[in-house]
Amino acid sequence: MKPEISKAFYKSLFDNLIDGLAYCQMIFDAQKHPVDFVYLEVNKNFEKLTGLSNVIGKRVSEKIPGIFKSNPELFEIYGRVSLTGNSERFETYVGPLSRWFFVSVYSPRNKFFVAIFQDITSRKKVEKDLEDARVAARNVLEDLSGEKAKVETASAKEEAVLMSIGDGLLATDEEGHITLINTAAEKMLGRTMGEVLGKVFFEVIPVEGEKGESIPVERRPMSMALISRTTTSTTTTGGYAYCYVRKDKTKFPVAITVTPVILSGKLIGTIEVFRDITREKEIDKAKGEFVSLASHQLRTPTTAISWYSEMLLAGEIGDLNEKQKEYLQEINHGNRRMIDIVNTLLSVSRMELGTFTVQQESVDIVAIAEDVLKELQIQIDEKELEVEKDYGSGISPIESDQKLIRMIFQNLLSNAISYTSRKGKIYLEIKKMAQCVHFRVKDNGCGIPQSVQSEIYTKFFRADNVRVLKPDGIGLGLYITKSIVEALGGTIEFKSKEGEGTIFSVNIPSRGVVKGKT
Amino acid sequence: MAEEIKKKILVIEDDLPVLQAIVDKFTREGFKVIQAKDGEEGFMTAKMERPDLILLDIIMPKMDGLSMLKKLRAESLWGKNVPVILLTNLSPDDDKINERIAEDGPAYYLVKTNWSMSDVVAKVKERLNRP
């Protein structure tokens with residue numbers, strides 16, 4: 001090949017090179033440090049890649065001011081290459097041009113160099129984005145691991161707590177299959193997790209009444225919670241407790257609370273907590289027995305006082321003068337008060353301990369009311385009170401407890417009489433309603449002052465305005481009445497104005513429903 | 001006027017003042033009164049004396065009233081049928097008591113503090129006049 005043809009060939013290579021090419025002369029300072037360079041030749045694409053034009057014969061420090069500061073490595077490398085003759089390749093970011101370049105540089109002759117470079121800005125960007133994404137992903141991963149660890153720790157803690165709490169804990173799915181049972185429950189029931197997990201609750205945990213009677217599935221708290229989707233509990237006091245039957249056929253009384261678990265409006269299962277209340281029942285029994293015994297003890301001396309006074313006052317041991325009669329009557333009166341207090345305290349403690357049982361019998365409300373009025377007739381006549389009765393029609397006997405209904409009437413009617421002045425009026429209304437019997441006792445007596453109305457049902461509470469009218473009241477009557485009404489599943493309320501009178505309204509369900517107890 | 005045969009009442013009561021009050025009152029009312037101070041003594045006395053009616057306390061030492069009543073009811077035909085009035089200070093809402101009462105059928109259950117003597121006498125007379 002002739003030299004001219006070669007030269008043209010190489011020229012065309014030079015011009016068509018995609019990369020940028022610059023042939024430069026290095027410039028050194030007095031200390032022989034490379035500090036600048038002059039562009040001698042650049043190819044066509046140099047301008048495209050760098051954005052620099054008219055560079056031939058110019059120094060880079062002119063064309064890119066600040067380049068020495070921003071990219072000292074350029075000068076270092078170019079200087080080294082142009083002196084040593086060793087070629088090098090490197091990547092660099094040229095700030096003033098905002099581009100990344102990949103440079104390949106060699107030296108054709110001493111103090112001169114040729115740099116061939118590519119704009120790798122976009123590649124760099126992609127690389128950076130990738131790296132950023134990688135870092136972000138790694139952070140997310142770390143966060144997740146952290147959260148996961150937290151959740152697992154919390155979960156482990158909860159599990160530890162649940163497994164170790166003293167109460168029995170069971171969880172079921174929405175169909176009553178057991179999904180969880182803790183250690184306490186296993187111990188109390190004498191069954192292991194392996195035996196009951198996945199099985200239907202009602203089949204593996206049998207229940208009995210205290211006296212061994214069977215309890216239908218629908219009356220069990222778990223059933224009721226699943227159906228009604230509300231928290232259901234048994235009561236611990238009074239009446240019959242449910243008993244769980246252990247694997248070995250022995251049983252123990254329990255207090256059960258079942259809570260349905262609802263997620264986004266859908267029932268997904270239940271959680272039951274139960275407690276062995278054998279001890280509580282024993283304590284209740286002991287208390288009940290103590291109360292019985294104490295009442296007996298208190299009543300014996302009062303019986304003696306009562307009967308001996310009676311015989312003396314009747315003149316059976318000789319005549320008495322007026323003063324003697326009077327004193328004896330005081331003794332009698334005091335004694336009578338003691339007996340009343342004892343009777344009332346007994347009622348209260350029986351109510352609190354739930355040791356009284358609510359009978360379900362046929363009760364003629366009107367007959368009881370009439371009977372109580374007859375009992376109180378002496379006081380009614382003494383105070384010349386007018387009694388108006390309004391018994392609705394068709395009041396059939398209801399299913400309730402005779403003794404307790406009687407106590408309600410006794411309390412409300414005797415209160416009305418006690419707290420109404422001479423020649424006042426008492427009004428008794430009894431009406432049959434859809435599911436209950438409604439009765440009202442109204443008087444135009446001294447009324448209950450507004451300021452104390454909220455306390456009127458409190459034990460031993462007596463308003464000031466009645467302490468004069470009836471000095472020896474104990475303050476337990478309304479407490480007992482309210483307890484009875486509630487035990488019968490009824491409601492009681494009153495309206496009263498001081499100086500004008502009071503109305504007490506009571507509703508008793510016709511069908512002996514015992515409220516709140518399962 | 002022919003002498004009325006006095007009816008015989010057996011009072012079984014462990015509290016001596018209360019026992020004495022009943023004895024005095026019923027004697028004055030024209031009854032023949034015999035007494036016992038616990039269930040055991042009461043049982044023996046009842047068997048021996050065969051009273052027309054028994055006034056029986058419940059809580060007593062040695063043998064309580066309900067146990068005595070059960071024993072009495074099982075003892076003989078007479079024991080099964082003799083009228084018994086429980087005269088006690090126990091409140092009548094214990095299930096066990098009610099069970100025994102249902103089984104052994106006393107005529108009445110009177111809580112002493114709620115009954116005057118004259119009312120008790122009236123109840124006794126009422127029961128005796130019933131066949």
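In which sense do strand 1 (residues 8-12) of chain B and strand 3 of chain B pair, and over how many bridges? I took this up as my opening entry, keeping in mind that the model is predicted.

**Entry 1, strands of chain B.** I looked up the pairing and found that strand 1 and strand 3 of chain B run in the parallel sense, joined over four bridges. Within that pairing, Val11(B) stands opposite Leu55(B) of strand 3. I then followed strand 3 of chain B to strand 4 (residues 84-88) of chain B, where the pairing is again in the parallel sense, over three bridges, and where Leu56(B) has Leu86(B) of strand 4 opposite it. Turning to the side chains of strand 3 (residues 53-56), I noted that Leu53(B) and Leu55(B) point one way while Ile54(B) and Leu56(B) point the other way, and that all of these are buried.

I counted out the secondary structure of chain B as six helices and five strands, and reading from the N terminus I wrote the order of its elements as β-α-β-α-β-α-α-β-α-β-α. Of the 131 residues in chain B, 33% are buried. Among the contacts in chain B with a separation of 6 or more, I found that 62% come from residues 24 or more positions apart.

Is Ala74(B) buried or exposed? I located Ala74(B) in helix 3 (residues 65-75) of chain B, and found 10 other C-beta atoms within 10 Å; because a residue with 12 or fewer counts as exposed, Ala74(B) is exposed. I also recorded that Ala74(B) and Asp104(B), 30 residues apart in sequence, are 9.3 Å apart in space from C-alpha to C-alpha.

In chain A I traced an open sheet of five strands, in the order 2-1-5-4-3, with antiparallel pairing. Strand 2 (34-42) and strand 3 (88-94) of chain A stand at the edges with a single partner strand each, so one side of each has no neighbour in the sheet. Ignoring direction, neighbouring strands of this sheet are turned against each other by 35 degrees on average. I checked one pair inside the sheet, strand 4 (residues 99-106) and strand 5 (residues 112-119) of chain A, which run antiparallel and are joined by six bridges, with Val103(A) opposite Phe117(A) of strand 5. Helix 5 (residues 72-84) of chain A lies across strand 1 (20-28), strand 2, strand 3, strand 4 and strand 5 of chain A, and runs at about 75 degrees to strand 2.

How do helix 13 and helix 15 of chain A stand to each other? The axes of helix 13 (residues 365-375) and helix 15 (residues 402-418) of chain A come within 9 Å and cross at roughly 45 degrees; the two helices are therefore oblique to each other, and I noted their crossing as right-handed. On the helix 13 side I listed Ile365(A), Ile368(A), Ala369(A), Val372(A) and Leu373(A), which meet Gln402(A), Ile405(A), Arg406(A), Phe409(A), Gln410(A) and Leu413(A) in helix 15. By class, this contact has eight nonpolar, two polar and one charged residues.

Finally I looked at the contact of the chains, which takes 18 residues from chain A and 17 residues from chain B. On the side of chain A that touches chain B, helix 11 (278-313) and helix 12 (322-353) each supply at least two residues, and helix 11 gives the most, with 13 residues. I sorted this side of chain A by class into seven nonpolar, eight polar and three charged residues.

Notes: Residues numbered from 1 in each chain as written. Chains lettered and ligands numbered in written order. Predicted model: local features only at pLDDT ≥ 70, side-chain atom pairs only at ≥ 80, totals over all residues. Contact = placed C-beta atoms within 7 Å. Nonpolar A, V, L, I, M, F, W, Y, C, P; charged D, E, K, R; others polar. Buried ≥ 20, exposed ≤ 12 C-beta atoms within 10 Å, placed from the backbone. Pairing = 2+ DSSP bridges. Axes fitted to C-alpha atoms, helices over the stretch in contact; angles between N-to-C directions. Parallel < 35°, antiparallel > 145°, perpendicular 65-115°, else oblique. Left-handed = near helix turned anticlockwise from the far one by under 90°.
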